[in-house]
Every structure is written in C-alpha cells, then in structure tokens.
Amino acid sequence: MPRESTKAKLARAKKIFSSLQKTYPDAHCELNHSNPLELLVATILSAQCTDKRVNVVTAGLFRKYPAAADYARADPAALEQAIKTTGFFRNKAKNIQACCRKLVERHGGQVPRSMEELTQLDGVGRKTANVVLGNAFDTQEGIVVDTHVRRLSQRLGLTRHDDPVKIERGLMKLVPRADWGRFPHLLIWHGRRVCIARAPRCFDCSVEPLCPSSRVPAPTSRAVSS
Ligand code: SF4
C-alpha cells in the first residue's frame, strides 16, 4: 500500500467505522456476564479460547463462585476442573484465584474501575482491563486489541505494528474517544464473520473498497470500458 497521509487515514478509518456500524448495528461483547466480576473472570478465561466455549463453562462457574471471596478460598483442584475445557486451565485457575484474593484484600471484593488498579491484578493486562472498563463500567481508557482487532487493523492498513500496545496507541489516534468502546466490537464481529483469519471473505465484505488487503481483483481497463 502506498504511504497514506494522516488526514487520508483518518478519513478512511471514519468510513470503515460507519460502514461496519451499518453492517453490525448490534455488535456487542459476546461473553455472557451480569456484573464486573463475571466479565473479569470470563475475559481471563477467553485467552486462547472461543467466547462460545467460555460461555458454556461460565454458566456453571458463576453459580458455583458468585463472589471474589468464593474464588479466593476455592479448592484449586476444583477450580481447575471447573474451567478445564477453556485450555491453559492451571495457569488460568492460578491467575483467577490470585486476582480474586487481591480483590478481597485491596478492593473489598469489588472490581476496581481504573486501568492502573486493574492491571495490577494477576492475569489482567491492558486488553482485559479495557474489556472490563468499557463493557462493565462504560469507561473508555483505551481500545481492546485482541487477535481479531490486531489482524483486522493490519489488513485494513490501520497499523503497521504487530505489538498490541503499539496497535492500540495508533488506533486511539485514528478513532474518536467516544467510539473507543464500539470500534473493537465492530472489528471483532467482522473478524469472526467475514474477515476470517485463514480465509477472508473479501467478496462479501462491506469495507472491501476501503481495504488495501482485498483479494477482490481490481477491474481491468477492458472491463471498466465495456
Ligand atoms: S476486504 Fe478482505 S481482507 Fe479486507 S477487511 Fe474485507 S475481508 Fe478482510
């Protein structure tokens, strides 16, 4: 892709946003939750796992462990067993338990509302903190960059970076703050349904004319003139 001016990139990002917004007016977080703690736990479980699988697991998990104190005093083997099918379950169980112990010790069992406090919890990086802040507290301190947001930002030419923190910083400059929560949902929905990792369906893509990675052949001069 030829180098694009900042002005042109901002205009293209705006068009991408509004086109995806029309395509997915109902885009939302697909991890089932009814409070900030449930969303925090579900997001930790979602690493290397589908939201569908996490939702199956959390249906029973949230009934068994309704409060941070319940995870904090849980039998580690029972917790591991309960989340086993989400993968990397030993590490996830360890993080959830250590995270919830800190919630009990430092925050009265409540999930804190700032990026700084959230990222001090075990197993919580910027991505998880952004998910919780945006979806549980309607607070935008940054932009969620998961595997879909990373891939789509790259394919759409919105970033040249691979590092999620650098991608997030770049997107924060391209997208108005009011849309920081909405934008990743749109990319994630598009990434799951159309711009799939192994085989993007460019012919069915609503942002194809705006995408430098489109696999749709450009019209030939003969096709254009005929
Ligand atoms: S045109 Fe293709 S590569 Fe670009 S966003 Fe659409 S599906 Fe993805």
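This is a predicted model: local features need pLDDT of at least 70, side-chain atom pairs count only at pLDDT 80 or more; totals for chains, interfaces and linings use all residues.
Helices here are DSSP runs of H or I at least four residues long, numbered from the N terminus.

The loop between helix H5 (76–83) and helix H6 (89–107) holds Phe88. Most residues other than glycine have a negative phi. Phe88, though, has a phi near 45 degrees, a positive value in a residue that is not glycine. Is Phe88 buried or exposed? Exposed means over 50% relative accessible area, and Phe88 has 57%, so it counts as exposed.

Further along the chain you will find a second case. Asp138 also is not a glycine, yet its phi is positive, at about 50 degrees. Its place is the loop between helix H8 (126–136) and helix H9 (147–155). Asp138 is exposed too, with a relative accessible area of 64%.

The buried residues of H2 are Leu37, Glu38, Leu39, Leu40, Val41, Ala42, Thr43, Ile44 and Leu45. What lies over them? The cover of these buried residues includes H3, helix H4 (68–72), H5, H6 and H8.

Next comes the largest pocket, with a volume of about 890 Å³. Among the elements that give two or more residues to its lining are helix H2 (36–45), helix H3 (51–64) and helix H11 (182–193), and H6, H8 and H9 also belong to this group. Which helix gives the most to the lining of the largest pocket? That is H11, with 5 residues. In total, 33 residues line this pocket, and Ser46, Cys49, Asp51, Lys127 and Asp146 are the ones nearest its centre. Sorted by class, the lining has 15 polar, 11 nonpolar and 7 charged residues.

Finally, look for the ligand. Where does the ligand sit? You will find it in the largest cavity.

Key. Residues are numbered from 1 along each chain as its sequence is written. Side-chain values use heavy atoms; hydrogens and water are left out. On a 1 Å grid over the protein atoms alone, a cavity is a set of points where a 1.4 Å probe fits but cannot get out, and a pocket is an open set with protein on both sides within 12 Å along at least five of seven lines; lining residues have an atom within 4 Å of a point. A molecule sits in a cavity or pocket if more than half of its atoms lie within 2 Å of its grid points. Buried means under 20% relative accessible area, exposed over 50%, partly exposed in between (1.4 Å probe, protein chains only). Grid points are joined across faces, edges and corners, and a volume is the space filled by probe spheres set on the points. Ala, Val, Leu, Ile, Met, Phe, Trp, Tyr, Cys and Pro count as nonpolar, Asp, Glu, Lys and Arg as charged, and the others, Gly among them, as polar. Contact means heavy atoms within 4.5 Å.
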